[in-house]
Amino acid sequence: MMNLNEIMIALEGIAPLRLAADWDTVGLLVGHHTRTIKNVLVCLTLTEAVAQEAVQKNIDLIVSHHPLPFQPVAKITDGAATGRILLALMENKIAVWSSHTAWDSAPSGINDLLADQAGLHSVLPIEPDSLDATVGVGRMGNAPQGLSVADLANALVDSLKQADSSVTVSGYQIAGDGTHLAGKVGIVCGSGGGMIHAIRTAGCNTFITGELKLHDALEATASGVNVIALGHHVSERFSMEVLAKRLKKRCPAVDCMVSCHDLDPFNWFAC
């Protein structure tokens, strides 16, 4: 068992909150700082199914990548999913922590891990942090020589499946020409639409992200950047296994586990 404050220090060591985006909601979102923690559940998204799992497993702390609550909540009632989740957690004295974009940008965080899975070399941040130029928003690096965009996508998907057995990938999207050489590759996990200008300015030929809006994809391809969209869940879920292991290493007195009910809301169907 450990004090929640001690675990928060460990989580800050893994993903410093100063790296989070200005608009983000990170840190301790629910709970008492002095609470004693025995069991931690790590998840990508805190859904009702994950909350029920936490209650059944007598979890003391949920480390959820996606914050909940994220936006200000005017009411906490059982009339909406967010209210039901928060009520269940508070009634069972379960705390919630989120690192979100801090974990995206952290050293060896999601974007670094994606770059590793994609086999990129000479990896650097797209937008370096002002205090540490080795970390920051997004990553960019060079794909193996001669590898096409489609080949890179297939290799990355195979690698992600091996990294997390819970990830089911039946397809992905390519905007542009999959036969082009992947070349210099930019990476932004999750929703990367807001980074297209930075990707283009950095001279990237290919952009790997989770999801894009239609007009973002059109903007990218019009500027000569081919896009690989893996799906938001797929682009991030594999890193929860890594996060749980790192937290366990820093907090050996606490049991850390990854949620069994943290599932992709989308199902892919072959046509």
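## A buried aspartate

Contact means heavy atoms within 4.5 Å. In this predicted model, Asp 24 touches Pro 67, Phe 70, His 100 and Thr 101, leaving aside residues up to four places away in sequence. Asp 24 sits in the loop between α1 (4-14) and β2 (27-30).

Asp 24 is buried but has no salt bridge. The nearest side chain of opposite charge belongs to Arg 18, 14 Å away. What does the side chain of Asp 24 make a polar contact with? The partner is the side chain of His 100, at 2.8 Å.

## Salt bridges across the chain

The count of salt bridges comes to nine. One of them joins Arg 35 and Asp 60, with the closest N and O atoms 3.3 Å apart. This pair links distant parts of the chain, 25 residues apart. Arg 35 is in the loop between β2 and β3 (36-37). Asp 60 is in the loop between α2 (48-56) and β5 (61-64). Arg 35 is partly exposed, at 23% relative accessible area. Asp 60 has 11%, so it is buried.

Glu 48 and Arg 84 also meet in a salt bridge, 2.9 Å from N to O. Glu 48 lies in helix α2 and Arg 84 in helix α3 (residues 81-91), so the pair ties together parts 36 residues apart in sequence. Both residues are partly exposed: Glu 48 at 29% and Arg 84 at 32%.

## Another pair and a network

Lys 57 forms a salt bridge with Glu 53, and their closest N and O atoms are 2.8 Å apart. Is Glu 53 buried or exposed? Glu 53 is buried, with a relative accessible area of 2%. Lys 57 is partly exposed, at 33%.

Elsewhere, salt bridges with shared partners join Arg 237, Glu 241 and Asp 262 into one network.

Technical notes:
Residues are numbered from 1 along each chain as its sequence is written. This is a predicted model: local features need pLDDT of at least 70, side-chain atom pairs count only at pLDDT 80 or more; totals for chains, interfaces and linings use all residues. Side-chain values use heavy atoms; hydrogens and water are left out. Helices (H or I, at least four residues) and strands (E, at least two) are DSSP runs, numbered from the N terminus. Buried means under 20% relative accessible area, exposed over 50%, partly exposed in between (1.4 Å probe, protein chains only). Lys and Arg count as positive and Asp and Glu as negative; His and the chain ends are not counted. A salt bridge is a side-chain nitrogen of Lys or Arg within 4 Å of a carboxyl oxygen of Asp or Glu. A polar contact is a pair of N or O atoms within 3.5 Å; within protein, one must be able to donate a hydrogen and the other to accept it, and residues adjacent in sequence count only if both atoms are side-chain atoms.
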